[in-house]
Amino acid sequence: MRLSRYFLPVLKETPSEARIVSHRYMLRAGMIKQSSAGIYSWLPLGFKVLKKIEKIVHEEQEKAGHIPMLMPTIQSADLWRESGRYDDYGDEMLRIKDRSGRDMLYGPTNEELITDIFRSHVSSYKDLPLTLYHIQWKFRDEVRPRFGVMRGREFYMKDGYNFDIDHDSAIHAYNRHMVSYLRSYERMGLKAIPMRADSGPIGGEDTHEFLVLAETGESEVFYDDRILDLSLGAEAVDYDNWDECSEVVKKWTSPYARTNETHDNALFDQVPQEHRKSSRGIEVGQIFYFGTKYSDAMGASVQNSNGEKVSVHMGSHGIGVSRLVGAIIEANHDEKGIIWPEEVTPFHCGLINLRQGDEQADLACQTIYDSLSSFGLEVLYDDRDERAGGKFSTMDLLGLPWRIIVGPRGLKNGVVEVGSRRTGQTEEVSVEEAVKKIIQIYQSI
Ligand code: 5CA
(Lines give C-alpha, C1' and ligand atoms only; values in the text may rest on other atoms or scores of the structure.)
Protein backbone atom coordinates (compact mmCIF):
# COMPACT_ATOMS: atom_id res chain seq x y z
CA MET A 1 0.00 0.00 0.00
CA ARG A 2 1.25 3.41 -0.95
CA LEU A 3 0.79 5.80 1.94
CA SER A 4 -0.15 8.58 -0.51
CA ARG A 5 -3.21 6.52 -1.52
CA TYR A 6 -4.11 5.09 1.88
CA PHE A 7 -6.54 6.47 4.44
CA LEU A 8 -4.39 7.01 7.49
CA PRO A 9 -5.52 10.04 9.49
CA VAL A 10 -2.49 10.34 11.80
CA LEU A 11 -2.92 12.89 14.60
CA LYS A 12 -0.05 15.22 15.53
CA GLU A 13 -1.51 16.15 18.90
CA THR A 14 -2.05 13.73 21.75
CA PRO A 15 -5.81 13.52 22.25
CA SER A 16 -6.59 14.80 25.73
CA GLU A 17 -9.37 12.29 26.44
CA ALA A 18 -6.99 9.30 26.14
CA ARG A 19 -5.58 8.35 29.53
CA ILE A 20 -3.72 5.16 28.66
CA VAL A 21 -1.04 4.58 26.09
CA SER A 22 -2.93 2.12 23.85
CA HIS A 23 -5.87 4.49 23.53
CA ARG A 24 -3.54 7.40 22.74
CA TYR A 25 -1.59 5.50 20.11
CA MET A 26 -4.69 3.99 18.51
CA LEU A 27 -6.16 7.46 18.06
CA ARG A 28 -2.87 9.02 16.97
CA ALA A 29 -2.08 6.24 14.50
CA GLY A 30 -5.50 6.63 12.90
CA MET A 31 -6.67 3.16 13.89
CA ILE A 32 -10.02 4.08 15.43
CA LYS A 33 -12.40 6.98 15.73
CA GLN A 34 -14.91 7.29 18.52
CA SER A 35 -18.47 7.49 17.28
CA SER A 36 -20.08 7.78 20.72
CA ALA A 37 -19.03 6.79 24.24
CA GLY A 38 -17.51 3.30 24.08
CA ILE A 39 -18.41 2.86 20.40
CA TYR A 40 -15.76 3.10 17.70
CA SER A 41 -15.29 2.99 13.97
CA TRP A 42 -12.35 0.84 13.01
CA LEU A 43 -10.38 2.83 10.44
CA PRO A 44 -8.37 0.88 7.84
CA LEU A 45 -5.19 0.39 9.92
CA GLY A 46 -7.06 -0.67 13.07
CA PHE A 47 -9.35 -2.90 11.02
CA LYS A 48 -6.34 -4.76 9.62
CA VAL A 49 -5.05 -5.57 13.11
CA LEU A 50 -8.52 -6.60 14.30
CA LYS A 51 -8.79 -9.02 11.37
CA LYS A 52 -5.33 -10.48 12.03
CA ILE A 53 -6.24 -11.21 15.62
CA GLU A 54 -9.55 -12.68 14.52
CA LYS A 55 -7.74 -14.95 12.06
CA ILE A 56 -5.44 -16.34 14.74
CA VAL A 57 -8.43 -16.98 16.99
CA HIS A 58 -10.27 -18.82 14.19
CA GLU A 59 -7.24 -20.92 13.29
CA GLU A 60 -6.60 -22.04 16.84
CA GLN A 61 -10.28 -22.78 17.52
CA GLU A 62 -10.56 -24.91 14.42
CA LYS A 63 -7.40 -26.81 15.39
CA ALA A 64 -9.10 -27.61 18.69
CA GLY A 65 -12.07 -29.06 16.78
CA HIS A 66 -14.45 -26.20 17.53
CA ILE A 67 -16.90 -25.26 14.78
CA PRO A 68 -17.35 -21.67 13.53
CA MET A 69 -20.76 -20.18 12.80
CA LEU A 70 -22.45 -16.78 13.09
CA MET A 71 -25.34 -15.71 15.27
CA PRO A 72 -27.10 -12.32 15.04
CA THR A 73 -26.36 -9.32 17.24
CA ILE A 74 -30.06 -8.66 17.93
CA GLN A 75 -31.85 -11.27 20.01
CA SER A 76 -35.39 -11.86 21.22
CA ALA A 77 -36.05 -11.16 24.90
CA ASP A 78 -38.21 -14.31 25.14
CA LEU A 79 -35.18 -16.62 25.21
CA TRP A 80 -33.66 -14.60 28.03
CA ARG A 81 -36.90 -14.82 29.96
CA GLU A 82 -36.63 -18.60 29.77
CA SER A 83 -33.19 -18.61 31.40
CA GLY A 84 -34.25 -15.96 33.89
CA ARG A 85 -31.50 -13.59 32.83
CA TYR A 86 -33.70 -10.97 31.16
CA ASP A 87 -34.42 -9.43 34.55
CA ASP A 88 -31.09 -10.37 36.15
CA TYR A 89 -28.87 -8.70 33.57
CA GLY A 90 -29.86 -5.18 34.61
CA ASP A 91 -28.90 -1.92 32.94
CA GLU A 92 -25.92 -3.38 31.11
CA MET A 93 -28.32 -4.90 28.60
CA LEU A 94 -29.42 -2.65 25.76
CA ARG A 95 -33.15 -3.28 25.41
CA ILE A 96 -34.96 -2.45 22.20
CA LYS A 97 -38.57 -2.67 21.01
CA ASP A 98 -39.29 -3.55 17.39
CA ARG A 99 -42.16 -1.92 15.44
CA SER A 100 -44.64 -4.52 16.71
CA GLY A 101 -43.71 -3.75 20.28
CA ARG A 102 -41.78 -6.99 20.79
CA ASP A 103 -38.94 -6.88 23.29
CA MET A 104 -35.55 -7.34 21.66
CA LEU A 105 -32.02 -6.78 22.88
CA TYR A 106 -28.53 -6.27 21.54
CA GLY A 107 -26.72 -9.43 22.65
CA PRO A 108 -24.16 -9.02 25.46
CA THR A 109 -23.38 -12.77 25.13
CA ASN A 110 -25.08 -15.79 23.53
CA GLU A 111 -25.73 -18.64 25.98
CA GLU A 112 -29.51 -18.50 25.42
CA LEU A 113 -29.39 -18.25 21.64
CA ILE A 114 -26.97 -21.12 21.23
CA THR A 115 -28.90 -23.29 23.69
CA ASP A 116 -32.02 -22.68 21.62
CA ILE A 117 -30.21 -23.73 18.44
CA PHE A 118 -28.90 -26.82 20.18
CA ARG A 119 -32.26 -27.96 21.59
CA SER A 120 -33.93 -27.50 18.19
CA HIS A 121 -31.52 -29.81 16.39
CA VAL A 122 -29.72 -32.18 18.74
CA SER A 123 -31.41 -34.96 20.65
CA SER A 124 -28.93 -37.83 20.90
CA TYR A 125 -25.69 -38.41 22.77
CA LYS A 126 -24.30 -39.61 19.43
CA ASP A 127 -24.08 -35.98 18.26
CA LEU A 128 -21.89 -35.04 21.22
CA PRO A 129 -19.40 -33.68 22.06
CA LEU A 130 -20.12 -30.45 20.21
CA THR A 131 -18.50 -27.04 20.48
CA LEU A 132 -19.82 -24.16 18.39
CA TYR A 133 -18.41 -20.67 18.38
CA HIS A 134 -18.68 -17.35 16.62
CA ILE A 135 -16.92 -14.01 16.51
CA GLN A 136 -19.49 -11.26 16.64
CA TRP A 137 -20.10 -7.76 17.98
CA LYS A 138 -21.55 -7.54 21.47
CA PHE A 139 -23.09 -4.66 23.36
CA ARG A 140 -22.87 -4.03 27.09
CA ASP A 141 -24.00 -0.67 28.34
CA GLU A 142 -21.02 -0.36 30.68
CA VAL A 143 -21.34 2.22 33.47
CA ARG A 144 -17.90 3.57 32.67
CA PRO A 145 -16.79 2.85 29.11
CA ARG A 146 -13.15 3.93 29.04
CA PHE A 147 -9.65 3.35 27.80
CA GLY A 148 -10.77 3.20 24.17
CA VAL A 149 -11.40 -0.33 22.93
CA MET A 150 -10.36 -1.82 26.27
CA ARG A 151 -13.71 -1.23 27.90
CA GLY A 152 -16.07 -0.45 25.10
CA ARG A 153 -19.83 -0.63 25.01
CA GLU A 154 -19.77 -2.24 21.59
CA PHE A 155 -16.95 -4.75 21.33
CA TYR A 156 -15.87 -7.71 19.22
CA MET A 157 -15.82 -11.02 21.04
CA LYS A 158 -15.21 -14.64 20.25
CA ASP A 159 -17.66 -16.73 22.21
CA GLY A 160 -17.77 -20.51 22.13
CA TYR A 161 -20.16 -22.95 23.74
CA ASN A 162 -19.59 -26.62 24.46
CA PHE A 163 -22.29 -29.28 24.80
CA ASP A 164 -21.26 -32.52 26.47
CA ILE A 165 -22.91 -35.64 27.79
CA ASP A 166 -21.42 -35.46 31.27
CA HIS A 167 -19.16 -33.55 33.62
CA ASP A 168 -15.99 -35.36 32.53
CA SER A 169 -16.49 -34.63 28.88
CA ALA A 170 -17.32 -30.98 29.65
CA ILE A 171 -14.12 -30.65 31.65
CA HIS A 172 -12.24 -31.90 28.60
CA ALA A 173 -13.91 -29.11 26.60
CA TYR A 174 -12.85 -26.62 29.31
CA ASN A 175 -9.28 -27.88 29.10
CA ARG A 176 -9.26 -27.79 25.30
CA HIS A 177 -10.33 -24.16 25.48
CA MET A 178 -7.62 -23.31 27.94
CA VAL A 179 -4.93 -24.86 25.75
CA SER A 180 -6.23 -23.25 22.55
CA TYR A 181 -6.46 -19.87 24.27
CA LEU A 182 -2.91 -20.09 25.60
CA ARG A 183 -1.80 -20.99 22.09
CA SER A 184 -3.70 -18.05 20.56
CA TYR A 185 -2.25 -15.49 22.97
CA GLU A 186 1.26 -16.83 22.47
CA ARG A 187 0.89 -16.49 18.72
CA MET A 188 -0.07 -12.83 19.25
CA GLY A 189 3.18 -12.29 21.14
CA LEU A 190 1.39 -12.03 24.49
CA LYS A 191 1.98 -13.67 27.82
CA ALA A 192 -1.51 -14.27 29.21
CA ILE A 193 -1.79 -15.95 32.60
CA PRO A 194 -4.79 -18.12 33.45
CA MET A 195 -6.13 -17.01 36.83
CA ARG A 196 -8.86 -18.47 38.97
CA ALA A 197 -11.68 -15.96 38.82
CA ASP A 198 -15.28 -15.20 39.68
CA SER A 199 -18.04 -16.22 37.28
CA GLY A 200 -20.28 -13.14 37.61
CA PRO A 201 -23.59 -13.13 35.68
CA ILE A 202 -22.54 -16.06 33.45
CA GLY A 203 -22.63 -18.42 36.45
CA GLY A 204 -20.90 -21.69 37.32
CA GLU A 205 -18.12 -22.82 39.62
CA ASP A 206 -15.13 -23.39 37.36
CA THR A 207 -13.81 -20.33 35.66
CA HIS A 208 -10.46 -18.88 34.66
CA GLU A 209 -9.67 -15.47 33.31
CA PHE A 210 -6.62 -14.86 31.11
CA LEU A 211 -4.66 -11.81 32.14
CA VAL A 212 -1.94 -9.84 30.44
CA LEU A 213 0.15 -8.01 33.01
CA ALA A 214 0.08 -4.25 32.49
CA GLU A 215 0.10 -1.29 34.86
CA THR A 216 -2.97 0.09 33.14
CA GLY A 217 -4.99 -3.11 33.58
CA GLU A 218 -8.32 -2.85 35.37
CA SER A 219 -7.88 -6.02 37.45
CA GLU A 220 -5.74 -6.46 40.53
CA VAL A 221 -3.87 -9.77 40.32
CA PHE A 222 -1.75 -11.92 42.64
CA TYR A 223 0.58 -14.58 41.29
CA ASP A 224 3.62 -16.76 41.73
CA ASP A 225 6.03 -15.29 39.19
CA ARG A 226 7.33 -18.72 38.21
CA ILE A 227 4.22 -18.97 36.04
CA LEU A 228 5.87 -16.42 33.73
CA ASP A 229 8.46 -19.05 32.78
CA LEU A 230 5.82 -21.31 31.26
CA SER A 231 5.20 -21.40 27.52
CA LEU A 232 3.59 -23.86 25.15
CA GLY A 233 6.11 -23.12 22.42
CA ALA A 234 6.19 -25.79 19.76
CA GLU A 235 4.83 -28.45 22.16
CA ALA A 236 2.23 -30.50 20.29
CA VAL A 237 -0.98 -31.14 22.18
CA ASP A 238 -3.51 -33.67 20.91
CA TYR A 239 -6.86 -32.00 21.47
CA ASP A 240 -8.66 -35.34 21.40
CA ASN A 241 -6.53 -36.68 24.22
CA TRP A 242 -8.16 -36.05 27.62
CA ASP A 243 -4.97 -36.69 29.59
CA GLU A 244 -2.72 -34.55 27.44
CA CYS A 245 -5.01 -31.51 27.65
CA SER A 246 -5.50 -32.06 31.36
CA GLU A 247 -1.72 -32.24 31.93
CA VAL A 248 -1.18 -28.87 30.23
CA VAL A 249 -3.97 -27.30 32.27
CA LYS A 250 -2.55 -28.75 35.48
CA LYS A 251 0.86 -27.31 34.70
CA TRP A 252 -0.56 -23.85 34.02
CA THR A 253 -2.99 -23.75 36.91
CA SER A 254 -0.73 -25.14 39.64
CA PRO A 255 1.25 -21.96 40.40
CA TYR A 256 -0.79 -19.50 42.46
CA ALA A 257 -2.53 -16.99 40.16
CA ARG A 258 -5.76 -15.25 41.12
CA THR A 259 -7.63 -12.03 40.57
CA ASN A 260 -8.66 -10.00 43.62
CA GLU A 261 -12.16 -11.51 43.45
CA THR A 262 -10.87 -14.94 44.47
CA HIS A 263 -7.58 -13.98 46.13
CA ASP A 264 -6.79 -16.01 49.25
CA ASN A 265 -4.11 -14.52 51.50
CA ALA A 266 -3.44 -17.72 53.42
CA LEU A 267 -2.75 -19.66 50.20
CA PHE A 268 -0.71 -16.84 48.74
CA ASP A 269 1.49 -16.80 51.85
CA GLN A 270 2.59 -20.34 51.03
CA VAL A 271 4.33 -19.07 47.87
CA PRO A 272 8.02 -18.32 48.66
CA GLN A 273 8.28 -14.61 49.28
CA GLU A 274 10.68 -13.89 46.42
CA HIS A 275 8.11 -15.31 43.96
CA ARG A 276 5.04 -13.59 45.41
CA LYS A 277 3.96 -10.81 43.06
CA SER A 278 0.97 -8.56 42.79
CA SER A 279 0.26 -6.17 39.97
CA ARG A 280 -2.43 -5.19 37.53
CA GLY A 281 -3.67 -7.06 34.52
CA ILE A 282 -5.89 -6.82 31.45
CA GLU A 283 -8.48 -9.56 31.10
CA VAL A 284 -8.28 -10.80 27.51
CA GLY A 285 -10.45 -13.89 27.88
CA GLN A 286 -12.47 -16.04 30.24
CA ILE A 287 -13.64 -19.64 30.22
CA PHE A 288 -16.54 -21.08 32.22
CA TYR A 289 -17.95 -24.47 33.07
CA PHE A 290 -21.49 -24.10 34.37
CA GLY A 291 -22.88 -27.62 34.09
CA THR A 292 -26.61 -27.77 33.40
CA LYS A 293 -27.56 -24.21 34.41
CA TYR A 294 -28.89 -23.21 30.96
CA SER A 295 -29.80 -26.67 29.68
CA ASP A 296 -32.04 -27.30 32.73
CA ALA A 297 -33.70 -23.89 32.43
CA MET A 298 -34.23 -24.14 28.68
CA GLY A 299 -34.81 -27.87 28.26
CA ALA A 300 -31.67 -28.75 26.29
CA SER A 301 -31.38 -32.48 26.77
CA VAL A 302 -30.33 -35.56 24.82
CA GLN A 303 -30.94 -39.27 25.12
CA ASN A 304 -27.97 -41.02 26.66
CA SER A 305 -26.79 -44.52 25.69
CA ASN A 306 -29.36 -46.05 28.06
CA GLY A 307 -32.18 -44.18 26.36
CA GLU A 308 -32.61 -41.80 29.30
CA LYS A 309 -33.16 -38.06 28.79
CA VAL A 310 -30.37 -36.03 30.40
CA SER A 311 -29.55 -32.32 30.44
CA VAL A 312 -26.36 -31.52 28.59
CA HIS A 313 -23.33 -30.11 30.41
CA MET A 314 -22.24 -26.77 29.06
CA GLY A 315 -19.56 -24.15 29.30
CA SER A 316 -18.89 -20.89 27.52
CA HIS A 317 -15.58 -19.42 26.52
CA GLY A 318 -14.79 -15.89 25.44
CA ILE A 319 -11.91 -13.94 23.97
CA GLY A 320 -11.99 -10.15 23.83
CA VAL A 321 -10.88 -9.74 20.22
CA SER A 322 -11.20 -5.93 20.06
CA ARG A 323 -9.77 -5.53 23.58
CA LEU A 324 -6.74 -7.54 22.47
CA VAL A 325 -5.73 -4.80 20.05
CA GLY A 326 -5.34 -2.45 23.02
CA ALA A 327 -3.77 -5.11 25.23
CA ILE A 328 -1.12 -5.92 22.62
CA ILE A 329 -0.21 -2.22 22.41
CA GLU A 330 -0.06 -1.93 26.22
CA ALA A 331 2.45 -4.79 26.20
CA ASN A 332 4.40 -3.63 23.12
CA HIS A 333 5.27 0.05 22.83
CA ASP A 334 7.84 2.70 23.68
CA GLU A 335 7.75 6.48 23.96
CA LYS A 336 7.74 6.85 20.17
CA GLY A 337 4.82 4.57 19.42
CA ILE A 338 3.58 1.04 18.92
CA ILE A 339 5.85 -1.99 18.35
CA TRP A 340 3.73 -4.68 16.68
CA PRO A 341 4.57 -8.36 17.11
CA GLU A 342 5.10 -9.85 13.64
CA GLU A 343 1.99 -12.07 13.82
CA VAL A 344 -0.48 -9.20 14.16
CA THR A 345 1.24 -6.27 12.50
CA PRO A 346 -1.02 -4.39 10.07
CA PHE A 347 1.77 -4.34 7.47
CA HIS A 348 4.79 -6.61 7.52
CA CYS A 349 7.28 -3.96 6.52
CA GLY A 350 7.52 -0.21 6.19
CA LEU A 351 9.34 1.31 3.25
CA ILE A 352 10.64 4.85 3.42
CA ASN A 353 11.77 6.72 0.35
CA LEU A 354 14.03 9.54 1.55
CA ARG A 355 13.94 11.39 -1.77
CA GLN A 356 10.67 10.96 -3.55
CA GLY A 357 11.12 11.80 -7.23
CA ASP A 358 14.77 10.71 -7.34
CA GLU A 359 14.89 8.20 -10.18
CA GLN A 360 17.18 5.69 -8.47
CA ALA A 361 15.40 5.89 -5.12
CA ASP A 362 11.96 5.53 -6.72
CA LEU A 363 13.15 2.55 -8.76
CA ALA A 364 14.74 0.78 -5.77
CA CYS A 365 11.58 1.32 -3.69
CA GLN A 366 9.40 -0.06 -6.47
CA THR A 367 11.65 -3.13 -6.76
CA ILE A 368 11.50 -3.77 -3.01
CA TYR A 369 7.75 -3.18 -2.96
CA ASP A 370 7.09 -5.56 -5.86
CA SER A 371 9.44 -8.27 -4.59
CA LEU A 372 7.98 -8.36 -1.08
CA SER A 373 4.42 -8.15 -2.39
CA SER A 374 4.98 -11.09 -4.71
CA PHE A 375 5.87 -13.13 -1.61
CA GLY A 376 2.54 -12.21 -0.09
CA LEU A 377 4.05 -9.68 2.31
CA GLU A 378 2.28 -6.39 2.89
CA VAL A 379 4.38 -3.27 2.60
CA LEU A 380 3.41 0.22 3.68
CA TYR A 381 5.36 2.44 1.31
CA ASP A 382 5.78 6.03 2.48
CA ASP A 383 5.93 7.64 -0.94
CA ARG A 384 4.78 11.05 0.24
CA ASP A 385 6.75 14.13 -0.63
CA GLU A 386 7.64 14.85 3.00
CA ARG A 387 10.73 15.46 5.04
CA ALA A 388 12.61 12.40 6.29
CA GLY A 389 12.05 13.34 9.95
CA GLY A 390 8.28 13.32 9.50
CA LYS A 391 8.39 9.96 7.72
CA PHE A 392 10.50 8.42 10.50
CA SER A 393 8.24 9.61 13.29
CA THR A 394 5.13 8.36 11.48
CA MET A 395 6.76 4.95 11.00
CA ASP A 396 7.79 4.88 14.66
CA LEU A 397 4.25 5.68 15.73
CA LEU A 398 2.70 3.03 13.45
CA GLY A 399 5.13 0.46 14.84
CA LEU A 400 5.66 -1.87 11.88
CA PRO A 401 8.27 -4.36 13.13
CA TRP A 402 10.62 -3.95 10.14
CA ARG A 403 11.46 -1.08 7.86
CA ILE A 404 13.63 -0.47 4.85
CA ILE A 405 14.97 3.01 4.24
CA VAL A 406 16.02 3.96 0.73
CA GLY A 407 17.94 7.11 -0.18
CA PRO A 408 20.14 8.35 -3.03
CA ARG A 409 23.25 8.50 -0.84
CA GLY A 410 23.06 4.85 0.20
CA LEU A 411 22.17 3.72 -3.28
CA LYS A 412 25.36 5.32 -4.59
CA ASN A 413 27.18 2.79 -2.39
CA GLY A 414 24.77 0.03 -3.40
CA VAL A 415 23.00 -0.15 -0.03
CA VAL A 416 19.70 0.46 1.71
CA GLU A 417 19.05 0.33 5.45
CA VAL A 418 17.04 -2.43 7.14
CA GLY A 419 15.94 -1.75 10.70
CA SER A 420 14.08 -3.42 13.51
CA ARG A 421 11.49 -1.28 15.31
CA ARG A 422 11.87 -3.33 18.49
CA THR A 423 15.66 -3.24 18.92
CA GLY A 424 16.41 -0.14 16.89
CA GLN A 425 19.24 -2.07 15.25
CA THR A 426 19.93 -1.31 11.61
CA GLU A 427 22.16 -2.72 8.93
CA GLU A 428 23.16 -1.61 5.47
CA VAL A 429 22.70 -4.22 2.78
CA SER A 430 21.94 -4.43 -0.93
CA VAL A 431 18.36 -4.18 -2.19
CA GLU A 432 18.32 -7.93 -2.87
CA GLU A 433 19.62 -8.79 0.59
CA ALA A 434 17.12 -6.46 2.25
CA VAL A 435 14.26 -8.22 0.48
CA LYS A 436 15.71 -11.63 1.34
CA LYS A 437 16.08 -10.72 4.99
CA ILE A 438 12.46 -9.60 5.39
CA ILE A 439 11.19 -12.68 3.58
CA GLN A 440 13.30 -14.93 5.83
CA ILE A 441 12.00 -13.27 8.97
CA TYR A 442 8.38 -13.92 8.01
CA GLN A 443 9.07 -17.41 6.70
CA SER A 444 10.39 -18.38 10.12
CA ILE A 445 7.18 -17.37 11.91
N1 5CA B 1 -20.29 -15.74 27.72
C2 5CA B 1 -19.01 -15.61 28.34
C3 5CA B 1 -17.97 -16.40 27.62
S4 5CA B 1 -18.21 -16.38 25.94
C5 5CA B 1 -18.63 -14.15 28.45
O6 5CA B 1 -19.35 -13.29 27.99
N7 5CA B 1 -17.50 -13.92 29.05
S8 5CA B 1 -16.92 -12.47 29.43
O9 5CA B 1 -17.94 -11.64 29.98
O10 5CA B 1 -15.80 -12.71 30.28
O11 5CA B 1 -16.42 -11.80 28.12
C12 5CA B 1 -15.39 -12.41 27.37
C13 5CA B 1 -14.26 -11.44 27.09
O14 5CA B 1 -14.75 -10.31 26.36
C15 5CA B 1 -13.60 -10.84 28.33
O16 5CA B 1 -12.62 -11.68 28.87
C17 5CA B 1 -13.00 -9.55 27.78
O18 5CA B 1 -11.73 -9.83 27.20
C19 5CA B 1 -13.98 -9.17 26.68
N20 5CA B 1 -14.85 -8.07 27.13
C21 5CA B 1 -15.83 -8.13 28.05
N22 5CA B 1 -16.40 -6.93 28.23
C23 5CA B 1 -15.76 -6.07 27.38
C24 5CA B 1 -15.89 -4.68 27.09
N25 5CA B 1 -16.81 -3.92 27.68
N26 5CA B 1 -15.06 -4.13 26.17
C27 5CA B 1 -14.13 -4.90 25.54
N28 5CA B 1 -13.98 -6.22 25.78
C29 5CA B 1 -14.77 -6.80 26.69
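The model is predicted, so local features need pLDDT of at least 70 and side-chain atom pairs count only at pLDDT 80 or more, while totals for chains, interfaces and linings use all residues. Residues are numbered from 1 along each chain as its sequence is written, and side-chain values use heavy atoms, with hydrogens and water left out.

**Overall build**
- The protein has 14 helices and 23 strands, which are DSSP runs numbered from the N terminus (helices: H or I, at least four residues; strands: E, at least two).
- Along its principal axes, the C-alpha trace spans about 80 × 60 × 40 Å.

**Polar contacts** (here, pairs of N or O atoms within 3.5 Å)
- Glu111 has a polar side-chain atom 2.7 Å from a nitrogen atom of the ligand.
- For Glu142, a side-chain N or O atom is 2.8 Å from a ligand nitrogen atom.
- For Ser316, a side-chain N or O atom is 3.4 Å from a ligand nitrogen atom.
- Taken alone, the ligand exposes 600 Å², and the protein buries 96% of that (areas come from the Shrake-Rupley method with a 1.4 Å probe).

Notes:
Polar contact = N/O pair within 3.5 Å; in protein donor to acceptor, adjacent residues only side chain to side chain.
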